[in-house]
Amino acid sequence: MKYWLMKSEPSTYSIDDLAKDKITAWDGVRNYQARNFMRDTMKPGDLILFYHSNAEPAGVAGLAKVVKAGYPDPKDSLWSMVDVGFFQKFKKFVSLEELKTNSMLKDMLVVRRGMRLSVQPVDQAHFEAVVKMGAR
């Protein structure tokens with residue numbers, strides 16, 4: 001199993017929307033590296049930190065899981081998508097600021113300056129630390 005962080009603007013699609021829908025196609029990703037992760041590496045059962053971006057505050061709202069491996073985006077076959085399913089909303093929203101101030105997460109991609117990738121791998125230790133932060 002692999003671990004991921006996927007960003008979504010909550011005004012467009014939030015963790016609550018996913019909880020209501022249960023499963024959604026994760027489309028609209030237009031970055032080659034993110035596309036390659038979805039197309040080549042993400043597998044059903046992989047767990048996802050669902051990150052609210054461009055929000056005040058930005059941060060991790062809960063968990064999702066990959067339920068269907070990468071497949072071509074029907075709008076443009078150059079791009080790929082995966083289906084994700086709702087897993088859990090955190091008891092406590094974990095803000096980007098909290099991620100940045102946790103020394104265990106100093107090497108996590110999302111806390112790096114200039115990291116704008118909407119789909120990114122997460123180390124298991126980082127994933128578990130964020131889950132623990134969200135459970136409080």
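1. Asp40 is partly exposed, with a relative accessible area of 42% (buried means under 20%, exposed over 50%, partly exposed in between; 1.4 Å probe, protein chains only). Its side chain meets that of Arg39 in a salt bridge, 2.7 Å from N to O. The term needs a side-chain nitrogen of Lys or Arg within 4 Å of a carboxyl oxygen of Asp or Glu. Arg39 is partly exposed too, at 39%.

2. A word on the basis. This is a predicted model, where local features need pLDDT of at least 70, side-chain atom pairs count only at pLDDT 80 or more, and totals for chains, interfaces and linings use all residues. Residues are numbered from 1 along each chain as its sequence is written, and side-chain values use heavy atoms, with hydrogens and water left out.

3. How many salt bridges does the rule give? The count comes to six.

4. One of them joins Asp16 and Lys89, at 2.9 Å from N to O. Asp16 sits in helix α1 (residues 15–21) and Lys89 in strand β5 (residues 76–95), so the pair ties together parts 73 residues apart in sequence. Helices (H or I, at least four residues) and strands (E, at least two) are DSSP runs, numbered from the N terminus. Asp16 is partly exposed at 42%. Lys89 is partly exposed at 45%.

5. Asp73 and Arg30 form another salt bridge, 3.2 Å from N to O. Asp73 belongs to strand β4 (residues 59–73), and Arg30 to the loop between β2 (23–26) and α2 (32–41), so this contact links parts 43 residues apart in sequence. Is Asp73 buried or exposed? Asp73 is buried, with a relative accessible area of 2%. Arg30 is partly exposed, at 41%.
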